Amino acid sequence: MTRAFLIVMDSVGAGGAPDADTFFNGDVPDTGASTLGHIAAACAGGRAEEGRSGPLRMPNLDALGLGAAVRLASGADMPGLTADPAGRWGAATEVSRGKDTPSGHWELAGVPVPWDWHYFPDTVPAFPQDLMDEVARLCGAGGTLGNCHASGVPIIEEHCAEHMRTGWPICYTSADSVFQIACHEESFGLDRLLQLCQDIAPRLHAMKVGRVIARPFTGGPGNFRRTANRHDYAIAPPSPTLCDWVHAAGRKVHAIGKIGDIFSMRGIDDVRKGTDSVLFEHLMAAVEGAEGGSLTFANFVEFDTLYGHRRDVSGYARALEWFDGQVAGFLAALRPGDLAIFTADHGNDPTWVGTDHTRERVPVVMAGAGAGGLGQIAFTDVAATVAAHLGVPSQGPGRSVL
């Protein structure tokens, strides 16, 4: 039986979203944001030389059509990615009114978001006091810290010492529909942090806040580091997704990265987590051993968390080139009849203003489906295509592009 591998490169957008003018970083619309396009331009212009040098090099994904997909999405030149595609390639446009992880992943899995997410105001304080009181009560703390819009590293830097002294959790949000809690793994306790997030999540989900995110860290003031024990408590999808379709057909669904969190473990048999380098080891194990008829659904998040939000162009380029280098072995290990799709869930242009995601189309490149352009497609078409390949009924609005 054939197998499918759906691989999301978190935030690796292609620009060109037709509604980008209605999404913002601060008071600046996302019009013109292009994660891959601007990274390629920066590399070619010598503006991404930290730890790497020269034009962006992604020969393996470019051979499948990555450069062509970005040019289709946004018209970007994509210097360094000029291959004549040997795979199937296109660009996907999202309809859900969010530029966030759940919106993108759910829609890629066949389910556009049917409601408007709740967003916290960019004020200080950002959260209602009764919510902060409940957080403190649930974990037995005397209060909370933060209570604002912030990027994770700066707010931990600001409150690390006081958090370790008082045991008060650090609470913050962003332009996404999220409620994030950062706590020290040792002085506060990892299990205690995860329990706190699990306990407060139902209240946030009732407000249509998409995710409660546990953000553990270790170390101390000036030398702390966030760990790989992050956990997302996401609101459940409103209807069956690709994972449910495959699972209902008696097939296995293997999750790699935060896929289990995003889909609240619905329709998922097992999960493998870790850093992106560890996740690629899990992906290689899946391509070598996953059973026929199965879906392996993977998310590689560090493009987004380590480089996009921090507006680190060189770091993002290094991560892209590292990932592409791993892809060669993965493609070589695919079996006859396998389908592999590489795509993204939103953008996070590291050349852009602010620190939040950017509204973009995403590239879609495929191995195992012949060669040729797919044109402009919908996010939901990705789910329908995977379902058709596996011989599973599609329950969403998308259509197979194969």
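This is a predicted model: local features need pLDDT of at least 70, side-chain atom pairs count only at pLDDT 80 or more; totals for chains, interfaces and linings use all residues.
Close-up 1. Lys273 sits in the loop between β12 (270-272) and α10 (276-289) while Asp261 belongs to helix α9, so the pair ties together parts that are 12 residues apart in sequence. Asp261, for its part, is buried, with a relative accessible area of 8%.

**Close-up 2. Val278 on helix α10.** Here we look at Val278, a residue of helix α10. Val278 has a relative accessible area of 30%, so it is classed as partly exposed. Where does Gly257 lie relative to Val278? The two are 21 residues apart in sequence, and their C-alpha atoms are 9.5 Å apart in space.

**Close-up 3. A buried pair, Asp10 and Lys258.** Asp10 and Lys258 meet through their side chains in a salt bridge, at 3.6 Å from N to O. Asp10 comes from the loop between β1 (4-9) and β2 (24-25), and Lys258 from the loop between β11 (253-256) and α9, so this pair ties together parts that are 248 residues apart in sequence. Are these two side chains buried or exposed? Asp10 is buried, with a relative accessible area of 0%, and Lys258 is buried too, at 8%.

**Close-up 4. Ser11 and its surroundings.** Which side chain does the side chain of Ser11 meet in a polar contact? The partner is Tyr316, at 2.6 Å. Leaving aside residues up to four places away in sequence, Ser11 touches Thr35, Phe303, Asp304 and Tyr316, along with Asp345, His346, Gly347 and Asn348.

**Close-up 5. Helix α1 and what covers it.** Thr35, which Ser11 touches, is one of the buried residues of α1. Of the 10 residues of α1 (35-44), 7 are buried, so the helix is largely enclosed by the rest of the structure. The buried set is made up of Thr35, Leu36, Gly37, Ile39, Ala40, Ala42 and Cys43. Among the elements that cover these residues are α3 (66-74), α12 (313-333) and β15 (362-367). Just past the end of α1, look for Gly46, whose phi is positive at about 75 degrees.

Close-up 6. Asp30 and Lys99 form a salt bridge in which the closest N and O atoms are 2.7 Å apart. The loop between β3 (28-29) and α1 holds Asp30, and the loop between β4 (88-93) and α4 holds Lys99, so the pair ties together parts that are 69 residues apart in sequence. Both of these residues are buried.

**Close-up 7. A network of salt bridges.** Side chains of opposite charge can pair when their charged atoms come close. In this view, Asp19, Glu94, Arg97 and Arg359 are linked in a network of salt bridges. For context, a search of the whole structure finds 14 salt bridges.

Close-up 8. Together, domain 1 and domain 2 bury about 1100 Å² between them, with 49% of it on carbon and sulfur atoms. How many salt bridges does the rule find across this interface? The count is 0, whereas 5 residue pairs are in polar contact there, with both residues at pLDDT 80 or more.

How values were computed: Residues are numbered from 1 along each chain as its sequence is written. Side-chain values use heavy atoms; hydrogens and water are left out. Buried area is the accessible area (1.4 Å probe) that two parts lose on being put together, summed over both. A salt bridge is a side-chain nitrogen of Lys or Arg within 4 Å of a carboxyl oxygen of Asp or Glu. A polar contact is a pair of N or O atoms within 3.5 Å; within protein, one must be able to donate a hydrogen and the other to accept it, and residues adjacent in sequence count only if both atoms are side-chain atoms. Helices (H or I, at least four residues) and strands (E, at least two) are DSSP runs, numbered from the N terminus. Buried means under 20% relative accessible area, exposed over 50%, partly exposed in between (1.4 Å probe, protein chains only). Contact means heavy atoms within 4.5 Å.
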